Amino acid sequence: MEFLVFWLSNIPSFAAPFALGVLGMIICERSGVLNLGAEGFVLVGAMSGAGLLIGYGDFPLLALVVSGACAALLGVLFGLLVATLRVNQVIAGLIIVFLAQGLTSLISRNMGWVNKPFSGLGKLDFGLLSDIPTIGPILFGQDLVVYLTVLIYFISFQIINKTNLGLMLRAVGESPEAVDAAGGNVTLLRFGAIVVGAFFLGVAGGYLTVVVSKIWVDGISGGRGWIIIALVIFARWRLWRAMVGAVLFGCIEALIPRLAAIGVQLPQYFVLMLPYVVTLLVMVWSNVQSGGREGAPSALGRPYLREERH
Amino acid sequence: MQHIAEQKSYIKMEKITKSFGGFLALDNVNFDLRRGEIHALLGENGAGKSSLMNVLAGHYAPDSGQVILAGNAVDITGPSEARALGVGMVHQHYKLVKTFSALDNIALTVPHGAYLPGVRNLRSKVVTKMKEIGFELDLDRPVGQLSVAEQQRVEILKVLVGGASIIILDEPTAVLTDEESTGFFQTIEKLSDAGTSVVLVTHKLREAVRYSDRITVMRGGRIVDTVLPGDITDDQLIKLIVGEVITEMPELSESMGDEKLSLQKLNLASVTGVMALKDITFNIRAGEIYGIAGVGGNGQAELAMLLMGLIEPDSGTINLAGHGDITRLCTGQRRRCGLVFIPADRQRYALAGELSVAENYAVSGILRHEYGGWLKVNRRLVRRLAAAAIEDFDVQGVRHLNQNAAILSGGNAQKLVIAREFSSLPSVVIAHSPSRGLDLRASAAVHEQLRRARDTGAAVLLISEDLDEVMLLSDTIGVINRGEIVAEFSSPADRQKIGKAMVH
Amino acid sequence: MSVAKTLVGRRRANLEIREPMGLLAKSLVLLVSVLIGLAVSVCILIASGVSASDLWNEFIVYIVTSPKNLSAVLVQSVPLMIAGLAAAVAFRARFWNIGIEGQMIFGAIAATYIAINDLGPEPMRLVLMFMAAAIGGIGWILLPAILKIKLNINEIISTLLMNYIAFNFLLHLLYGSWRDPLSGFPNSQQYDALEVFPLLGWQSLNFSMVISLFLVLFVLWLFIFSRFGFVLKVLHGNSEMARSLGIRIGLVVLLVTALSGALSGICGFVISAGIESRMTQSFFVGFGFSGILIAFLARDNPIGILIVSVLFATLVIGGQSLQVFYQIPFAMVQLIQAIIVMCVAGSEFFIRYRIAILR
């Protein structure tokens, strides 16, 4: 029973970075831009958040905002590559990852941020509510970002589905020609989606360092950026499915330390493989279930060019 | 139809010139439109009709010239400005978001303030407009699920609700059935009666003559003449359009041999569960052209795909003389049995733009191991045979063999495809809409090639939505309707009877 | 009556597709963009405290004048070259093989298995290791390839996930049953002398160089001369057309990805048998992405891959001395590679499109 409580109460903080990351990806990809640079944005966010805490003091929430902002900056570069210069989006994504790996390694070493623990962001205490047995720690013992994430999801849903901006965003990902003919600026819309998406991916990265590990080392994201990409496919680019996927992964990741804690003897590295194996299975299952690339924005991955010749 | 239109011009385009790179699309064009008139802009593909209208609709900026609206010169800098001036264009390829409802698609183009309240208001405006012109449409279904005619209605509504007083329709009936076309023109006439000016961009002579108040003919980027439909004969019009009278005469087969290709009770269900092909049964003899006539969307594409081996039928057989039952053979095997294919969408299925002209020609021969072994492809032979074929089939625009095939124009690209497919002396030719998008000259050349193949003993299946083409070429005509062959005729056939079978 | 206004005065910029550039023009643009990338990198390095003359020395002078450094560059270029070939081969079938590193791991595991257990007659040992490495690489790419062909599952993610699984499996071996009993470190025991590539007689150059050159020529023949290469070209140009011409796409993709996997496996083998003489836990790091970037820069051309890998190897060797003498972390090399590729990728824009300012 205690195992269950421990496990469930840890799930939200494993799920939160996935949730935020997938949100960013959905915003970006609903506009038609394939984003394979997720790992890069997550890394940049992770380092920036840690850097702020180490270099400037104990401002965890500010650190998360800075994470998002720095990733958004990298997003501007990505936007220039794919929306303006119409570089192949797969290559551009890989370039971003490679660039981010090099940059974060370089900068963190230069600034002496490697392997320096900090206090980061802790869980909230709702007093009496948190003390309720069983439910208390699960529902009322999370850090602020978890609650904010749920709120952000609600707000994003409203914006994407019930506003003109959301209409244009969704239109640009399905049929940029229609938006162009309607007088909308395809490049600008995509740029905006990329930068906002990068922001959330950066916050997800920041969460990994500021809240979860409370330390920075090279490659701390551990490939979560790639899992986030797989989760977007699983989510079929819909917000509520994204939340389900994020929670699913949170469950798995939260399980790993719990199993070790209760002394379940599993070969260590096979356990570490688990998230990736599960992701693969999830991809296959969701593909078989939906019969192909259903749900993807129709214009995903194709650079848009208004051709003046027939 | 014929009614008294205001004599004064509502909108005038003067001395419009536009070139793309080195290509002069519009050469000093003058065009005018009166209030409430239906003005047909008639011409072949590439004559400049769409380009001219794209200038009016703000999609192209002309190199020189001006547009005058109700006496004042206006500066149309983009589609939004054109819309503000009351110009709305319904393009040939609809600019719709397939996953959105009709209402959301309209909301995309028509300003409506904040989304939630705005769309509600928009809905009542749209419903009112629909009643005015007698439309029926489900505003909430995803547009991708609507029929082509219904999608066109969404495009028209977009333009009307946006307040257009000038509507440009680019090849509107290209994808409509005869019935839908009639309904369409009724709508247009209602609009014109209400004072809206309509420009009908088309290459269909019949429609221009029947429904318009004035016809302007364009050729090669220039205005040839503007005439009244009652004052001119069809032959004279054709002369204006193409510059000379090209009449193709039917040439029936001299001798037909034994049965070569036989289709027995082929059935195919489409993804939605509807039967795309039902009990298709017919056969083609050696030295015969069998034409499948029908309105687009009645199973022609599925039949072509099935014969190519890209989809398998649910039941039924295809028999080829000398090879037996070929139903389960894959595409490669069918080609080895002597089948060749001229698909309708050549850019998608028949040409690779990044490969050279010579490579596009030689590819099927290379696959047949005719150009050297697996070790080395004999490039010299490729060049030699490709050069010969390009001359034989009159493929123009090839400066040298290594240039990318993407450069070839429609007619020449099709000739290259045919040159390639015929390089193996086929025993069966499956031709699907072979002259789609080609001008009269290129079409005549394509027809000639099909006849040549037939005369060497091949069995030719011609699937075409152009009834003129089918009647011109075929020795036997089968009419396809809702996936079934509903009638068969021998040439010379009664056009009325065929038409009846097509639409019932 | 107001004076008619002509359509002058409002400018509008439009993107138009250019007439295709000639080969010379394209090469020029490529060269210029590489130079720009290098220039940016040089600026970053100078900003990090390395003087320009030192850079010139480290990267150009010392390498060209010292046979020892030159051979180090060539030795380093071998796995880069093979990884580039592996990426390029897959790209030709429009298969993004991001799993090169995972396939390298399994290639090395297979070869190491043979080495550790001394399988096969001694003169044949290296050959057996070579074949095992190829098979190991093929084995690891097979699942993503089949998933793509049968279910159209995105191979970028699947091959990448396989990387992480492979890496963990490697650690499992190296920290477990394959841990070197002599040193206790997490790498395999050292290969016997006959299980390592023989030297060629000049500096540190060994037989792996011969293998890589052979593979370059092989891929060159495959792409340009062979019939299979032509089929691949058609597939790359228009897969629907390929299908309607009777080409069996699934089979072609399977064969090509298998070749790519084999090359990756061989790459792993070449590092363990040619450079490190054992299997370590980080031998593969960076080669996957480097291979992809090399293939991209060289436009999948084998000779280009040869040239670009030597360039990348120069960066690596130069970077190593920068690390030793100037405390510049090795991540700088990664950064420079990314910057160069970014400039080249961006330059494609100017090759394909033209900005027309219209009146």
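The centres of domain 1 and domain 2 of chain B, taken over C-alpha atoms, lie 35 Å apart in this predicted model. Domain 1 of chain B covers 9-242. Domain 2 of chain B is made of 259-343 + 426-503. These bounds come from an automatic or database domain assignment. Because the model is predicted, local features need pLDDT of at least 70 and side-chain atom pairs count only at pLDDT 80 or more, while totals for chains, interfaces and linings use all residues. Residues are numbered from 1 along each chain as its sequence is written, and chains are lettered from A and ligands numbered from 1 in the order in which they are written.

Chain A touches chain C through 41 residues, and chain C contributes 37 residues. Two residues are in contact here if their C-beta atoms, placed from the backbone, lie within 7 Å. On the side of chain A that touches chain C, helix 4 (89-110), helix 11 (224-234) and helix 13 (268-290) of chain A each give two or more residues. Helix 4 of chain A has the largest share, 13 residues. Helices are DSSP runs (H or I, at least four residues), numbered from the N terminus. By class, this side has 29 nonpolar, seven polar and five charged residues. Ala, Val, Leu, Ile, Met, Phe, Trp, Tyr, Cys and Pro count as nonpolar, Asp, Glu, Lys and Arg as charged, and the others, Gly among them, as polar.

The contact between chain A and chain B takes 16 residues from chain A and 18 residues from chain B. Helix 8 (164-174) and helix 9 (176-181) of chain A each supply at least two residues of the chain A side. Helix 8 of chain A gives the most, with four residues. That side holds five nonpolar, six polar and five charged residues.
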